[in-house]
Amino acid sequence: MPTNRSTTTGSLLTALCPELRTALTRVGYDADTLLAVLGEDVHAALGRSEPVPVRRAARDACELGTLIRLLLLGDALPERDVAAALLPVDIDRAVAAGLLDRDGDTVRAALDLRPLDAGAGTRWILSDLDDSMRRRTLTEDHVLGVGHASLSLLRATPTRKVGSVLDLGTGCGVQAVHAASYANQVTATDVNTRALWLAEATAALNGLDIELLEGSWFEPVAGRRFDQVVANPPFVVGPARIEHTYRDSGLALDGASELVIGQAADLLAPGGTAAMLAAWVHVDGEDWRHRVSSWLPAHGVDAWVVQRDVADPALYVGTWLRDAGLDPRDPAAQARAEQWLDAFTAADVEGIGFGFVYLRAVDAPTELLAEDLTHGFDDPLGDEATRYFERSAWLRAVAGDEKLAWTSRFVVDPATALERVALPGPDGWAEQVARVHRGDGPRWQHEVDETTISLLAGMRADGLPLYELIELLAVAHGSAEVTTEFAAEALSVVAGLVRHGLVRPV
């Protein structure tokens, strides 16, 4: 693939895609059929990079089995078998386009091509071969496929219908292809020419019209605005170097995350939303929340930052060395690890946080909620992000008009449960803590006292407004009137429960 090939005029690979799509459809090379043929256990083995169970299951799958071995396992197969499975694709054209490699009478996949269903039916994604089934060292311009980070962002991206979406740093194009299911127009950018070559082919293979622009960071879309921005940037934290463009930014430590988080709001149309992956360092004596907050503009952003994990420096470096196909035991890899850890030590880095950053463009002073969400949950976070900003807008309105809160009626969300925890003591069970927690979404939990429990018990759609409920509580506590302190404390508790969706205004 010539590195200077234009991504807007169509490559040999893109030209091949209509016939390739016909072949994949005819054979049933889609997400549902693949799972049905392999079965859940073997499909799980595929995810664990264990080729033998997959190869055994593929033996009885006819032409689909041939494509499974060719495209998912990287096996070299007789050309006649591959030609039959890929009809009407011409093998010579597939080799010339960079899809296949020929070695005598056998052919092998030169690219990764796999089906993915992210909620809108099967999409086929083209990328470079990784080392999941065969050991290989990745090149600098390697184009990553659908990895764990990509899947996390797919599940964490809001999918309500919007007019325009920007996929910043598209890579193989998986986020852009996903965005096409909920956006009228999708624009994707990347600094890596090879990535755009593959993203163009991925779009064509799925019959999608995606605008592809080459350039660094925000340069290709300067002056434009979008209803939604998605970004899986090269956020890997480390020295200022570029070994692999899909993960390394050339900026020191968490400079890539700072750049994207700090400037993404400039790309958002009024009310627009950004969903991004990011990483940040935990520095000795510094709160990570303050660090991320310092990256945001003073006005115009409602930000929700969710930290999903924190890794110690040694684990972090070892993980990313293996990601690049390196063995941490090799001398060259050990030298890289030394340099990497030296950079962390020099910057007093104690850990590396990772998570999701959501932004919404608002005409108000910037607000940030940065919190840990390290426990497990099943529901996609994208829908929750949309609802979070809706709740945040209501709370912002309440902050400007407290009367709105006092006159509002509230209901406890049906997924909210009350939990009491007691431990055995000398006089029987002794209650230690009471909590309300959501049974869906991020499964937030709040500790509550008996006053709050009584307040929640009185919340009904046809019940009393909040202030009247508080008046009743004050009487129950022996006070003839509601004190300013009692009212402020009650409102603060309700606001926290609203923000996490345990309670909602009617």
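Author: In this account a strand is a DSSP run of E, at least two residues in length, and helices and strands are numbered from the N terminus. The model is a predicted one. The strand to begin with is β7, which spans residues 183–190 and holds T189. Is T189 buried or exposed? Its relative accessibility is 1%, and because buried means under 20%, T189 counts as buried.

The surroundings of T189 may be given residue by residue. With its neighbours within four places in sequence set aside, T189 contacts L166, D167, L168, G169 and T170, together with L196, L213, W217, P220 and V221. One of these partners, W217, deserves a separate remark. W217 is placed in the loop between β8 (211–214) and β9. Its phi is positive, about 50°, although W217 is not a glycine. Most residues other than glycine have a negative phi. With a relative accessibility of 23%, W217 counts as partly exposed, whereas its contact partner T189 is buried.

A record may be set beside this region. An unreviewed UniProt entry annotates residues 148–241 as "domain: Methyltransferase small". Over that span the chain is 30% helix and 27% strand, and its end C-alpha atoms lie 23 Å apart.

Residues 255–263 form α10, and its buried residues are G255, A256, S257, V260 and I261. What covers these buried residues? The cover includes β9 (226–231) and β6 (162–168), as well as β10 (268–283) and β12 (349–365).

The account now turns to the earlier part of the chain. The unreviewed UniProt entry assigns "domain: DUF7059" to residues 27–110. This span is 62% helix and 12% strand, with 20 Å between its end C-alpha atoms.

C62 is exposed, at a relative accessible area of 64%. L73 also belongs to α4, yet L73 counts as buried, with 3% relative accessibility.

The peptide bond from L87 to P88 is cis, and its omega is near 10°. Most peptide bonds are trans.

Two helix pairs complete the picture. Consider α12 (residues 313–323) and α13 (residues 331–346), whose axes come within 10 Å and cross at roughly 140°. Angles over 145 degrees would count as roughly antiparallel, so α12 and α13, at their angle, are oblique to each other. Their crossing is right-handed. On the side of α12 the contact involves P313, A314, Y316, V317, W320 and L321; these meet A333, R336, A337, W340, L341 and F344 of α13. By class, this contact has eleven nonpolar residues, no polar residue and one charged residue.

The second pair comprises α16 (residues 450–457) and α17 (residues 466–476), which pack at an angle of about 135° with their axes 10 Å apart. These two helices are therefore also oblique to each other, and the crossing of α16 and α17 is right-handed. T451, S454 and L455 of α16 make the contact with L466, L469, I470 and L473 of α17. The residues of this contact divide into five nonpolar and two polar, with no charged residue.

For the later part of the chain there is one more annotation. In the unreviewed UniProt entry, "domain: DUF7782" covers residues 387–505. That span is 45% helix and 25% strand, and 13 Å separate its end C-alpha atoms.

Note on methods:
Residues numbered from 1 in each chain as written. Predicted model: local features only at pLDDT ≥ 70, side-chain atom pairs only at ≥ 80, totals over all residues. Heavy atoms only, no water. Buried < 20%, exposed > 50% of the residue type's maximum accessible area, 1.4 Å probe, protein only. Helix = DSSP H or I, 4+ residues; strand = E, 2+ residues; numbered from the N terminus. Contact = heavy atoms within 4.5 Å. UniProt positions renumbered as here; feature names shortened; annotations may be inferred. Axes fitted to C-alpha atoms, helices over the stretch in contact; angles between N-to-C directions. Parallel < 35°, antiparallel > 145°, perpendicular 65-115°, else oblique. Left-handed = near helix turned anticlockwise from the far one by under 90°. Nonpolar A, V, L, I, M, F, W, Y, C, P; charged D, E, K, R; others polar.
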